[in-house]
Amino acid sequence: MRVRVLGSAAGGGFPQWNCGCPNCVSVRAGDPRVLARTQESVAVSADGERWFLLNASPEVRSQIESFPALHPRGPRHSPIAGILLTNGDLDHCLGLLSLRESHRLNVYATARLRHGFTENNVLYGTLQRFPGHTNWPGLALGEERELHLDEGQPSGLTVEAVPLPGQAPLHLKARLGAPHPEDNVGLILRDQQRGASLAYFPGCARVTPAVLEAAGQAQCLFFDGTFWSEDELIALGLGERSASDMAHVPIGSPTGSLAAFAGSPVPLRFFIHINNTNPILREDSEQARQVQRAGWSVARDGLELTLDGKGPA
Ligand code: MLT
Ligand code: MN
Ligand code: ZN
């Protein structure tokens, strides 16, 4: 399985347009210890020819241009065979609307996510210009299914959606009410021929035993790296909400992800969906060193991996 990180930042990107936090100031000043990042999305492929996008970020157009394997091979063509969504947050879905140039789309998502995106959304009409323009193959929780190419051929990859602690997107919270297991999922992708597996968990409110078990099946894990600490935004004077309020388990707190995953059997582990305030974005920070010492890496745009099912690539 080939894996390419298209974007590794949380919603807003790095730097964020309206943010003057120390990290955003440093990256604008060209500090070599901090790298700019686009909003989180990853491309995966069994054969390097046909690809699936994990989430469709608001920066999908430039992300496609940044990676030649995603460029058209003909006058009207795309190697992108489908898009898989982990939740309905706009940093994960808005890019769908940018892929509107009358191109057939296959969008794998839970029924709850599809409803949230399509119902009462006048803009969705742009993805319904002809019969079959946008197809929603569906993701049932806990069921492994094949990912197909446009022609109905198997792609060599399967996906299983697992429920992760989370919440409905901010813009739908009032309409949807109580949280639902289909609001926020992790994706386990498997390459059937090579046995390689990837757990893609970019949003997770708590590391429960079920989360550890689901991630533990995979050779490689991408996990929620939004915040280092519970009160990160509050301490910087940037907001009122804690990491828990936003359904993101902090990395560094005593009940955080570094502690919870200590002893995890997953050989390759990356933090992704990193908020611009997170000190791990500064390569020489104590927090970045702690992450490394614990066996994790900080995802960056352009990172590529080849997973062969035999251990670290
Ligand atoms: C999140 O990851 O919590 C959301 O993207 C926040 C948001 O929609 O602003
Ligand atoms: Mn987000
Ligand atoms: Zn910032």
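Me: How much space lies in the largest cavity?
Reply: About 30 Å³. Keep in mind that this is a predicted model.

Me: How many cavities of 30 Å³ or more does the count come to?
Reply: The count comes to 1.

Me: Which residues line the largest cavity?
Reply: Ser45, Ala46, Asp47 and Arg50 do, along with Phe52, Leu149, Ser155 and Leu157. By class, 4 of the lining residues are nonpolar, 2 are polar and 2 are charged.

Me: How does the lining of the largest pocket divide into nonpolar, polar and charged?
Reply: There are 13 nonpolar, 18 polar and 4 charged residues in that lining.

Me: And how much space lies in the second largest pocket?
Reply: About 510 Å³. Its lining has 23 residues. His77, Ser78, Leu99, Glu101 and His103 lie nearest the centre of the second largest pocket.

Me: Which elements give two or more residues to the lining of the second largest pocket?
Reply: Helix H2 (60-65), strand E4 (80-84) and strand E5 (105-108).

Me: Which gives the most to that lining?
Reply: E4 does, with 4 residues. By class, the lining of the second largest pocket has 9 nonpolar, 7 polar and 7 charged residues.

Me: Let's zoom out. How many helices and strands does the chain come to?
Reply: The chain has 9 helices and 14 strands. Its radius of gyration is 18 Å, close to the 20 Å that the globule rule gives for 313 residues, so the chain is as compact as a globular protein of that length.

Me: What does the C-alpha trace span along its principal axes?
Reply: About 50 × 45 × 40 Å.

Me: How many of the residues count as buried?
Reply: 54% of the 313 residues do.

Me: What about the accessible surface of the chain?
Reply: It comes to about 13200 Å². Carbon and sulfur atoms hold 52% of that surface.

Me: And contacts between residues 24 or more positions apart, what do they account for?
Reply: They account for 68% of the contacts in the chain with a separation of 6 or more.

Me: Where is asparagine 55 found?
Reply: In the loop between strand E3 (51-54) and H2.

Me: Why does asparagine 55 count as buried?
Reply: Because its relative accessibility is 0%, and buried means under 20%.

Me: Now serine 102. What is its phi?
Reply: Near 50 degrees, again a positive value in a residue other than glycine. Serine 102 lies in the loop between helix H3 (90-98) and E5. At 40% relative accessibility, serine 102 counts as partly exposed.

Me: Which residues of helix H4 are buried?
Reply: In H4 (residues 111-118), they are Arg112, Leu113, Gly116, Phe117 and Thr118. H3 and helix H5 (173-176) are among what covers them.

Me: What is phi of asparagine 120, which follows H4?
Reply: Positive, near 60 degrees.

Me: Last one. Is serine 242 buried or exposed?
Reply: Buried, because its relative accessible area is 11% and the limit for buried is under 20%. Serine 242 is in the loop between helix H7 (232-235) and helix H8 (257-260).

Me: What is serine 242 in contact with, leaving aside its neighbours within four places in sequence?
Reply: Glu230 and Ile234.

Me: And how far apart are serine 242 and phenylalanine 227?
Reply: They are 15 residues apart in sequence, and 9.5 Å apart in space, C-alpha to C-alpha.

How values were computed. Residues numbered from 1 in each chain as written. Chains lettered and ligands numbered in written order. Predicted model: local features only at pLDDT ≥ 70, side-chain atom pairs only at ≥ 80, totals over all residues. Heavy atoms only, no water. Nonpolar A, V, L, I, M, F, W, Y, C, P; charged D, E, K, R; others polar. 1 Å grid on protein atoms, 1.4 Å probe; cavity = no way out; pocket = protein on both sides within 12 Å on 5 of 7 lines; lining within 4 Å. Points joined across faces, edges and corners; volume = space filled by probe spheres on them. Rg over C-alpha atoms; globule rule 2.2 N^0.38 Å. Buried < 20%, exposed > 50% of the residue type's maximum accessible area, 1.4 Å probe, protein only. Contact = heavy atoms within 4.5 Å. Areas by Shrake-Rupley, 256 points an atom, 1.4 Å probe, with all protein chains shown as cover.
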